[in-house]
Amino acid sequence: MVKQISNHIYLKVKDHSVSGEEFELIQNSEYGFLETIPQPTSNSLSDYYKSEDYISHTDSKRNLFEKAYHLVRTISLKNKLSLINSFLSEEKKLLDVGCGTGDFLQTAYQNNWKVSGIEPNERAREIANKKTNNSVFEIEQLLKFEAHSFDVISLWHVLEHLPDLDDHIAIFKRLLKPNGTLLIAVPNYNSYDAKHYKEFWAAYDVPRHLWHFNRESISKIVSKYALKVVKVKPMWFDSFYVSMLSEKYKTGKMNAVKGFWIGMLSNLKAMGSKESSSLIYIIKNS
């Protein structure tokens with residue numbers, strides 16, 4: 001478990017979606033990521049996910065915002081499939097950790113990938129298993145897979161949720177084939193929209209997000225396990241989704257036009273700074 005924490009409070013942030021509680025973001029002195037303090041206990045963590053508004057665990061399309069989310073997700077799935085297809089592998093074995101309702105796994109499965117998924121949320125796992133011929137398991141399965149089993153392991157906005165960073169990265173290292181690829185997509189607290197919205201930035205999502213990363217912190221922590229970041233790609237759509245939700249947290253209403261504008265501005269600035277709202281880290285095993 002990562003323990004080197006400084007005393008510097010980077011920001012105080014409220015849980016806007018479930019509890020209304022306030023948390024501190026403390027900068028880790030060794031790696032540079034931010035830690036949510038206090039972190040929920042293992043027994044209480046699941047309570048912070050009990051909300052219909054947590055749409056990564058549901059296929060709901062109740063309003064325009066959720067419909068837009070699902071439309072963007074369809075486009076993103078095609079982009080993700082194109083990305084994993086770009087990696088040369090004979091068996092095409094994929095492990096998606098935190099697979100939610102299983103849409104990415106289903107897309108890969110329909111395109112000749114041998115898929116496995118991990119999803120701790122029972123409701124989401126049931127939905128995912130209907131889409132993947134029962135290929136999704138509880139988190140304990142991570143310790144049961146054979147070593148060097150997977151060509152690609154993906155975590156799409158999942159690493160920030162995992163309580164034990166060191167333990168999990170060590171597991172991913174063990175499960176990857178030599179020259180296998182680890183894909184990690186996480187929010188970037190150095191982005192323009194993060195700095196604009198500050199404590200209202202939706203991608204902080206405390207306390208469900210236990211860690212908050214920038215480019216340097218990801219490279220540092222994976223290098224401990226002989227893993228190397230070889231490329232970083234932006235996730236352009238995330239800035240719009242995050243900014244619109246942040247606008248709601250800041251003003252109390254969904255100002256789609258203002259949120260869209262801030263998201264667009266964030267992407268324009270990221271073209272120069274390369275600090276987009278979310279980043280995909282393409283990480284190779286040695």
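**Salt bridges, cores and a helix**

Guide: Asp205 is buried, with a relative accessible area of 15%. Keep in mind that this is a predicted model.

Visitor: What does the side chain of Asp205 meet in a salt bridge?
Guide: The side chain of Arg208, at 2.8 Å from N to O. Arg208 is buried too, with a relative accessible area of 1%.

Visitor: Which residues are linked in a network with those two, Asp205 and Arg208?
Guide: Asp15 joins Asp205 and Arg208 in a network of salt bridges.

Visitor: How many salt bridges does the count come to?
Guide: The count is 8. One of them pairs Lys131 with Asp103, at 3.2 Å from N to O. Lys131 belongs to helix α3 and Asp103 to helix α2, and the two are 28 residues apart.

Visitor: Is Lys131 buried or exposed?
Guide: Buried, with a relative accessible area of 18%. Asp103 also counts as buried, at 14%.

Visitor: And what does Glu247 form a salt bridge with?
Guide: With Lys258, where the closest N and O atoms are 4.0 Å apart. Glu247 is in helix α7 and Lys258 in helix α8, so the bridge ties together parts that are 11 residues apart in sequence. Glu247 is buried at 4% relative accessible area, while Lys258 counts as partly exposed at 34%.

Visitor: Back to α3. Where does Arg125 lie?
Guide: In helix α3, which covers residues 122–131. Arg125 is buried, with a relative accessible area of 12%. Its side chain reaches the backbone oxygen of Pro120 at 3.3 Å. Beyond its neighbours within four places in sequence, Arg125 is in contact with residues including Gly100, Val136 and Phe137.

Visitor: New topic. Which residues touch the most other members in the largest nonpolar core?
Guide: Ile153 and Leu155, out of 34 residues in that core. Helix α4 gives the largest share, 5 residues. Another core lies apart from this one, with 21 residues, among them Leu77, Phe104, Val136 and Ile280.

Visitor: What does Ile153 touch?
Guide: Leaving out residues up to four places away in sequence, its contacts include Leu95, Val97, Phe172 and Leu183.

Visitor: Last one. Which residues of helix α6 are buried?
Guide: Ser217, Ile218, Ile221 and Val222. They sit on the same side of α6, because they cover an arc of only 115° around the axis. An α-helix has 3.6 residues a turn, so residues three or four places apart point the same way.

Visitor: What covers the buried residues of α6?
Guide: The cover includes α4, β8, β10 and β11.

Key:
Residues are numbered from 1 along each chain as its sequence is written. This is a predicted model: local features need pLDDT of at least 70, side-chain atom pairs count only at pLDDT 80 or more; totals for chains, interfaces and linings use all residues. Side-chain values use heavy atoms; hydrogens and water are left out. Helices (H or I, at least four residues) and strands (E, at least two) are DSSP runs, numbered from the N terminus. Buried means under 20% relative accessible area, exposed over 50%, partly exposed in between (1.4 Å probe, protein chains only). A polar contact is a pair of N or O atoms within 3.5 Å; within protein, one must be able to donate a hydrogen and the other to accept it, and residues adjacent in sequence count only if both atoms are side-chain atoms. Contact means heavy atoms within 4.5 Å. The arc is that of the directions from the helix axis to the C-beta atoms. A nonpolar core is a set of buried Ala, Val, Leu, Ile, Met, Phe, Trp, Tyr and Cys residues joined through side-chain atoms within 4.5 Å.
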